[in-house]
Amino acid sequence: MNTWLNPERPLSIAHRGASAYAAPNSLQAFEFAAALGADMIEVDLHLTRDGHVVVTHDATLSGGEAIADLTLVELHNRVSPRDVPTLASVLDLAQVHDLGIYADIKAANAANPTCELLQQYGVQRAILGAFDPAIISVLEQANPGYPRAQLVPMGGDPFEIAATAEIIHLCWEAMEDPVAPLNDAFFARCQREGKQVVLWHEEDKERMARLRNLPVLGICSDMPELVNPFEPPSDWPVQIVCHRGANSVAPENTLAAARACYAAGFSHVEIDVHATSDGKLVVLHDPTLERTTDGVGRVNDAALADLRALSAGAWFSDHHAAEKIPTLDDVLALAKLWHGKLYVELKTAPAAQVWERVCAFGLQEVCFFWSFDHSLLEDMRAVSDKAHLMMRRQDFASLEETLGSLNPSLVEFTTQDDLSGVAQLKGSGVCSMIAYNGNNPEVFRQIAQLRPDLVNLHQPFEFVRVIQAGDSVNGA
């Protein structure tokens with residue numbers, strides 16, 4: 001029995017992979033989908049002239065050549081195998097990462113070869129879908145043992161269009177309010193007719209919040225982390241801080257990295273703030289531009305307009321080449337939109353100016369501050385006795401001395417510190433945070449056993465996988 005077809009929550013189906021963060025249908029997009037916790041990856045399938053199933057949405061290349069007219073060698077002489085991979089290579093990746101396959105078959109002649117490959121690989125979790133009803137008929141005749149999904153455009157009766165398929169896949173993302181028709185009567189009819197439902201690719205956080213509570217089999221998204229965001233264990237309301245944002249799937253300290261963090265359900269984005277030569281505030285880690293932009297020189301020596309002309313993402317991937325250096329205001333606006341929190345590290349930014357911008361957005365209670373330059377923290381405390389400051393345990397001889405410095409709201413520990421202080425802080429009104437930039441599962445489990453109030457992580461998705469897979473948060 002296919003128990004996976006009765007999930008407790010909607011399956012997260014990465015639409016052409018995690019295509020918000022990499023080229024759609026590329027191996028990198030599928031790798032990112034796995035990293036972001038997708039249950040399945042949606043792949044668009046065509047057949048080459050010599051019978052290879054390949055993963056790409058369009059029937060033609062950008063130069064106009066038809067996929068069906070090219071051999072696999074000819075195809076990969078024109079485009080990288082990572083950008084237009086074979087289905088076989090995607091299945092290899094899916095097996096490594098335990099991903100299910102949602103096959104959107106674009107060409108009728110790819111239907112049977114797709115079924116044969118899935119069976120050859122022993123794939124258990126697969127859905128076979130298509131817009132063309134003729135392809136659904138081919139799949140019905142092939143009877144490979146996988147459920148079939150009829151993709152339904154706007155304007156048609158989904159029950160009539162998908163009469164012969166087990167799954168209704170609604171492609172209604174362009175509707176003004178596609179959620180409205182998904183009422184009790186709709187799902188009652190689905191139940192009567194034995195239909196399950198898969199929903200369009202959704203990236204709007206408000207609509208997703210409505211969709212994820214519906215009785216659907218799965219939801220497609222370019223941002224698969226948005227489908228089922230992290231929820232802390234009921235007995236450990238831990239807050240997760242993403243170091244420089246979700247920097248494994250998007251360039252650090254960019255809006256894309258921050259958005260991925262919030263979409264995944266993590267509480268805080270950690271950012272680094274510098275001042276420009278014309279007195280503006282920008283978010284970038286290094287004092288110089290070379291590592292994470294296509295510029296050169298010191299951030300403090302450049303005007304905002306010149307910095308905004310640079311790419312802050314091309315170093316990470318071509319997909320993020322248009323990503324710009326954000327201003328502090330850009331990040332504050334994003335945090336407000338997502339009801340997110342911030343860990344603000346003052347690099348060369350004046351404390352008073354940073355505080356003024358935080359107050360302008362009304363985010364004083366959801367931001368905390370730290371700096372290697374202790375004088376900047378002294379400035380922040382002088383500006384406001386209500387600003388939430390962080391102190392690092394490693395910078396002081398004792399926990400008592402740490403707490404005596406500038407009245408902190410938060411104490412950060414590393415895994416090398418005396419971690420008995422985490423327990424000592426419980427009930428004190430001062431929060432504890434453990435910072436860890438590695439990805440050792442055993443260290444993650446040790447952190448979970450200590451139950452700090454916050455964790456500051458470079459690999460938050462790996463941390464969540466470890467604590468959800470084991471019983472460490474249950475104190476076992």
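These notebook entries record what I looked up in the predicted model.

**Entry 1. Ground rules**

I worked with a predicted model, in which local features need pLDDT of at least 70, side-chain atom pairs count only at pLDDT 80 or more, and totals for chains, interfaces and linings use all residues. Residues are numbered from 1 along each chain as its sequence is written, and side-chain values use heavy atoms, with hydrogens and water left out.

**Entry 2. Strand S15**

I took helices (H or I, at least four residues) and strands (E, at least two) as DSSP runs, numbered from the N terminus. I called a residue buried under 20% relative accessible area, exposed over 50%, and partly exposed in between (1.4 Å probe, protein chains only).

I asked how many of the five residues of strand S15 (residues 388-392) are buried. The count is five of the five, so S15 is largely enclosed by the rest of the structure. I then noted the side-chain directions: His 388, Met 390 and Arg 392 point one way, while Leu 389 and Met 391 point the other way.

For neighbours, I counted two strands as paired if DSSP finds at least two bridges between them. Strand S14 (residues 367-370) pairs with S15 in the parallel sense over two bridges, and Phe 369 has Leu 389 as its bridge partner in S15. S15 also runs parallel to strand S16 (residues 410-414), with three bridges joining them. In S16, Glu 412 is the residue opposite Arg 392.

I also traced the path from S14 to S15. S14, helix H13 (residues 374-383) and S15 form a right-handed β-α-β unit; right-handed means that, with the strands pointing away from the viewer, the path from the first strand over the helix to the second runs clockwise.

**Entry 3. Strand S18**

In strand S18 (residues 454-457), I found Leu 454 and Asn 456 pointing one way and Val 455 and Leu 457 the other, and all are buried. Which strands run parallel to S18? Strand S10 (residues 239-243) is joined to S18 by four bridges, and strand S17 (residues 431-436) is likewise joined to S18 by four bridges. Val 241 stands opposite Asn 456, and Met 433 has Leu 454 as its bridge partner in S18. From S17 the chain passes through helix H16 (residues 441-450) to S18 in a right-handed β-α-β crossover.

**Entry 4. Helix H4**

I listed the buried residues of helix H4 (residues 111-120): Ala 111, Pro 113, Thr 114, Cys 115, Leu 117 and Leu 118. I then looked for what covers them, with contact meaning heavy atoms within 4.5 Å. The cover includes strand S2 (40-47), helix H3 (87-97) and helix H5 (133-142). After H4 comes Gly 122, with a positive phi near 70°.

**Entry 5. Positive phi**

Most residues other than glycine have a negative phi, and most peptide bonds are trans. Asn 25 sits in the loop between strand S1 (11-14) and helix H1 (27-35).

Arg 451 also has a positive phi, near 55°. Is Arg 451 buried or partly exposed? At 21% relative accessibility, Arg 451 counts as partly exposed; its place is the loop between H16 and S18.

Rolling a probe the size of a water molecule over the atoms shows where empty space is left. On a 1 Å grid over the protein atoms alone, a cavity is a set of points where a 1.4 Å probe fits but cannot get out, and a pocket is an open set with protein on both sides within 12 Å along at least five of seven lines; lining residues have an atom within 4 Å of a point. Grid points are joined across faces, edges and corners, and a volume is the space filled by probe spheres set on the points.

I found two cavities of 30 Å³ or more in the whole structure. The largest cavity holds about 50 Å³, and its lining includes Glu 252, His 285 and Trp 315. The second largest cavity holds about 30 Å³, and helix H9 (255-263) and strand S11 (268-275) each supply at least two residues of its lining.

The largest pocket has a volume of about 700 Å³. Its lining has 25 residues, and Arg 9, Leu 36, Gly 37, Asn 228 and Gln 468 lie nearest its centre. Helix H17 (residues 460-469) gives the largest share of this lining, four residues.
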